[in-house]
Structure formats: C-alpha cells, structure tokens
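I am opening a notebook on a structure that is new to me. I will write down what I looked up, entry by entry.

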Amino acid sequence: MKVLRRQKSGYALSILLCLLGIAFLFTMFWMCWPQLSSAKDPFSTFLTLIWTKNLNFVSGIEFKLSYLFILGDAMLIAGVSVYVLSVQRVYVPGKVVWYRCPFCQKDWKSSGTKALVHCPHCRQLIHPTIVEKIDRTTNATP
Ligand SMILES: [Zn+2]
C-alpha cells in the first residue's frame, strides 16, 4: 500500500509539472502571438521575441519571455522524469518473479532477474524460465 501511494503522488506530481510547463509555454506563445501573426518569418521572429521581449508584471522587475520558455521546458522535463522515476521505483527494484526449472518443472519465487540459478528443488544449475504469475500475497488489497 505504501508503494501504491508513493506511485500515485509521483503521477500527480508529474502531471502537475507537465500542466504547469504547458501553461507556461502556452502563455509565452499567447504573448508572442500578436507579433507572430503579422510577421513574415514567424519562426525567427519568435526566437527574437523570446530573447528580447520583457514583461512588466511589476514595475521595476524585469521578466524576460525567455524565462517562461526555460521554466516551461524545465517543468515538462521534470514532469516526465518524475513520471519515469515513479514507474521505475515500483516495478524495477525487488520485483518478484516466478522461476520454473526446465528439469523438474517446479516453480519458485525470487526477486530480480538471474540468468543462472540453482534450482531449490533438484539442486541443478539451470537457466530458469520466468513464469507470469499473479502474486496473491502482494495484490491482496485492491
Ligand atoms: Zn529443478
């Protein structure tokens, strides 16, 4: 349950960061739009605007449009990273898998992926087959 909750907060954080990033980039485009729609070369005009245009929300404080661009990008990247990390944290470490011995056909449970193991049933050194099984001890609560 702890892992599940952590995973959910990770998703929530990543979605929040992505939304903020998109909102920042959208605001930036919105502010450039009047100049862009009348420009002959919108792309170079856009690049020039990003690095030269200043916004004055509060007088005396200079806020460049490029800050919005950098912040928006950074938040999108952070959002994606948090999403990837929250997925990895749940599925990669300590993943419990079922192995099947090719000699005695018996199954056993172990964590991680091993190429070569000793079968706990017949004691032979084998390349185990990984079996897909629902682990009822960890998935007991929905
Ligand atoms: Zn065996």
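How many helices and strands does the protein chain have? I counted three helices and seven strands in its secondary structure. I took helices (H or I, at least four residues) and strands (E, at least two) as DSSP runs, numbered from the N terminus. Along the sequence I read the pattern α-α-β-β-α-β-β-β-β-β.

A note on the source: this is a predicted model, where local features need pLDDT of at least 70, side-chain atom pairs count only at pLDDT 80 or more, and totals for chains, interfaces and linings use all residues. Residues are numbered from 1 along each chain as its sequence is written, and side-chain values use heavy atoms, with hydrogens and water left out.

**Whole chain**

I looked up burial next. Of the 142 residues in the protein chain, 23% count as buried. Buried means under 20% relative accessible area, exposed over 50%, and partly exposed in between (1.4 Å probe, protein chains only). The protein chain exposes about 10,300 Å². Carbon and sulfur atoms supply 66% of that area. The areas come from the Shrake-Rupley method with a 1.4 Å probe; for residues, only the protein chains shown count as cover. Then I checked contacts, meaning heavy atoms within 4.5 Å. Among contacts in the protein chain with a separation of 6 or more, 42% are between residues 24 or more positions apart.

**Zinc site**

Which residues are the protein donors of the zinc ion? I found C101, C104, C119 and C122, each through SG, lying 2.2 to 2.3 Å from the ion. Donors are N, O and S atoms within 2.8 Å of the metal (3.2 Å for Na, K and Ca); water is not among the atoms, so sites may look incomplete. The spacing of the donor residues in sequence is C-x2-C-x14-C-x2-C. C104 sits in the loop between β3 (96-100) and β4 (107-111), and C122 in the loop between β5 (117-118) and β6 (125-126), so this pair ties together parts 18 residues apart in sequence. C104 is partly exposed, at a relative accessible area of 25%. C122 is partly exposed too, at 28%.

I then checked the geometry. The zinc site is tetrahedral, with angles of 103 to 118° among its four donor atoms. The ideal angle for four tetrahedral donors is 109.5 degrees.

**The same loops**

Q105 is found in the loop between β3 and β4. Its phi is positive, about 60°, although Q105 is not a glycine. R123 is in the loop between β5 and β6. R123 has a positive phi as well, near 65°. Most residues other than glycine have a negative phi. R123 counts as exposed, at 63% relative accessibility.

**Salt bridge**

I found one salt bridge in the structure. It needs a side-chain nitrogen of Lys or Arg within 4 Å of a carboxyl oxygen of Asp or Glu. The side chains of R100 and D107 form it, at 2.7 Å from N to O. R100 is partly exposed, with a relative accessible area of 30%.

**Helix α2**

Which residues of helix α2 (residues 42-52) are buried? They are F46, L49 and I50. They cover an arc of only 100° around the axis, which puts them on the same side of α2. The arc is taken from the directions from the helix axis to the C-beta atoms.

I followed L49 further. L49 has a relative accessible area of 11%. It touches C32, Q35 and L65, leaving aside residues up to four places away in sequence.

Notes. Tetrahedral: all angles 85-135°; square planar, octahedral: opposite > 155°, others 65-115°.
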